[in-house]
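Please read the following report alongside the sequence and the coordinates.

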Amino acid sequence: MKLLVINGPNLNMLGIREKNIYGNGSYKELLEYIEKVCDEENIEVDFFQSNHEGAIVDRIQEAYGDFDAIVINPAAYTHTSVAILDALKAVNIPCAEVHLSDIYQREEFRHHSYISLAAIKTIYGKGFEGYKEAILFLKNYVIEK
C-alpha cells in the first residue's frame with residue numbers, strides 16, 4: 001500500500017505552538033512516529049506539509065493514480081477550504097481526516113469540517129495516535145476494497 005500524509009498550515013510548528021492544545025511533540029517527531037507505524041505495517045509513506053492552500057490542492061491532484069490512500073490533517077483549512085474538498089473528491093482516493101485536538105471542544109467555528117464531506121473517516125482529539133488509527137483504518141479499507 002502506498003500512503004500520502006498531508007499536513008496543513010502551522011503543523012510544522014508542533015512542539016512550539018500552543019502546547020496546551022497540541023502537546024509537546026515536534027513535527028519531526030510526528031513524522032518519525034508515522035514512519036514507524038508505516039514500517040511496522042509494510043506501508044510505503046510519503047509526506048507533504050504546506051501552509052498554502054493551493055500547494056495542498058496541487059499535491060492532492062498529483063496523488064491521482066499514484067497513491068492508494070490519503071491521511072490529511074488540513075488544520076485551519078478544515079473549516080474554510082472548499083478547494084481542498086473538491087480536490088479530494090476529484091481524485092477519489094480513500095481519505096481519512098485527522099485532527100490532533102478535539103475540534104468539538106474548541107471554538108464554534110472549528111466544529112464544521114468541509115473535508116469530512118470527502119473523508120471516509122474523521123479522527124480527532126487523539127494526538128499522534130489519531131494518525132495511527134487513520135493509517136490502520138485505511139489499510140484495512142484498501143485491503144477489503
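Y141 has a relative accessible area of 33% and is therefore partly exposed, a class that lies between buried (under 20% relative accessible area) and exposed (over 50%), computed with a 1.4 Å probe on protein chains only. F137 also counts as partly exposed, because its relative accessibility is 28%. The model is a predicted one, in which local features need pLDDT of at least 70 and side-chain atom pairs count only at pLDDT 80 or more, whereas totals for chains, interfaces and linings use all residues. Residues are numbered from 1 along each chain as its sequence is written, and side-chain values use heavy atoms, with hydrogens and water left out.

The structure holds 2 aromatic pairs, where rings of Phe, Tyr and Trp (its six-membered ring) pair if their centres lie within 6.5 Å, and planes under 30 degrees apart count as stacked, over 60 as edge-to-face and the rest as tilted.

| Pair | Centre distance | Plane angle | Class |
|---|---|---|---|
| Y33 and F128 | 6.0 Å | 40 degrees | tilted |
| F137 and Y141 | 6.3 Å | 25 degrees | stacked |

Y33 lies in helix α2 (residues 27-40) and F128 in the loop between β5 (121-124) and α5 (129-144), so this pair ties together parts that are 95 residues apart in sequence; helices (H or I, at least four residues) and strands (E, at least two) are DSSP runs numbered from the N terminus. F137 and Y141, by contrast, are 4 residues apart in helix α5, and so are separated by about one helical turn.

A charge sits over a ring if NZ of Lys or CZ of Arg is within 6 Å of the ring centre and within 35 degrees of the ring normal. K121 lies over the face of F137, at 5.2 Å from the ring centre, and K2 lies over the face of F67, at 4.9 Å from the ring centre.

F67 is also one of the residues touched by I93 when residues up to four places away in sequence are not counted, contact meaning heavy atoms within 4.5 Å. I93 is found in the loop between α4 (82-91) and β4 (95-99), and counts as buried because its relative accessibility is 9%.

The axes of α2 and α5 come within 10 Å and cross at roughly 30 degrees, which makes α2 roughly parallel to α5 (angles under 35 degrees count as roughly parallel, over 145 as roughly antiparallel, 65 to 115 as roughly perpendicular and the rest as oblique). The contact is made by L30, Y33, I34, V37 and C38 of α2 and by E129, Y131, K132 and I135 of α5.

How values were computed
Axes fitted to C-alpha atoms, helices over the stretch in contact; angles between N-to-C directions.
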